[in-house]
Structures are given as C-alpha cells and as structure tokens.
Amino acid sequence: MDPITIERVLQEFDPAGLVDLDAGAGKLRISTVVMDIELVFIMEQAGHPVRLTQIERIPSVCCGGCSG
C-alpha cells in the first residue's frame, strides 16, 4: 500500500484527511469525515480498491483542544 498516494487523493475530498500505515497490524488507518461509500471510491482512485465491508469505523478520541 502507498499511504502517500492514498492521502493525496483523500485530501482532494477532505483537506484535513490523514493516512497512516500500522505496519505491526498490517492495517491502514484513515482519519476522515467522508462517508464509507466515498472512501471506497477514494481508495479505488488511489489504486487500492476495497470493499465496503472492509472499512471499520472507530469513534474519534478528539478532545477538541486544537480546534480540529
């Protein structure tokens, strides 16, 4: 996987989107406000197609302290 390319494409839809590769778990972590179906499209555009069922949303732990 190429996190840099994925992040570049993601940021066309969500300028604050971030991508990180958890090498230990072999999972891609994506922080974004886009909907799951949009994320499927974004991943396809970045050359890494995924199925909707492969996306696992987890709740944000943002405290809001940085105004993000």
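Q: How many helices and strands does the secondary structure of the chain comprise?
A: This is a predicted model in which local features need pLDDT of at least 70, side-chain atom pairs count only at pLDDT 80 or more, and totals for chains, interfaces and linings use all residues. Residues are numbered from 1 along each chain as its sequence is written, and side-chain values use heavy atoms, without hydrogens and water. Helices (H or I, at least four residues) and strands (E, at least two) are DSSP runs numbered from the N terminus. Along the sequence the pattern is α-β-β-α, and the secondary structure comes to two helices and two strands.

Q: In which sense do strands β1 and β2 pair?
A: Strands pair if DSSP finds at least two bridges between them. Leu-21 stands opposite Leu-28 in β2. Over five bridges, β1 (residues 18-22) and β2 (residues 27-31) pair in a sense that is antiparallel.

Q: Which residue in the turn of the hairpin has a positive phi?
A: Four residues lie between β1 and β2 in the hairpin. The residue in the turn with a positive phi, about 70°, is Gly-26.

Q: What radius of gyration does the chain have?
A: The radius is taken over C-alpha atoms, and the globule rule is 2.2 Å times the number of residues to the power 0.38. For 68 residues, a compact globule would therefore have a value near 11 Å, which agrees with that of the chain, 12 Å.

Q: What percentage of the residues in the chain is buried?
A: Buried means under 20% relative accessible area, with a 1.4 Å probe and protein chains only. Of the 68 residues, the buried share is 22%.

Methods: Buried < 20%, exposed > 50% of the residue type's maximum accessible area, 1.4 Å probe, protein only.
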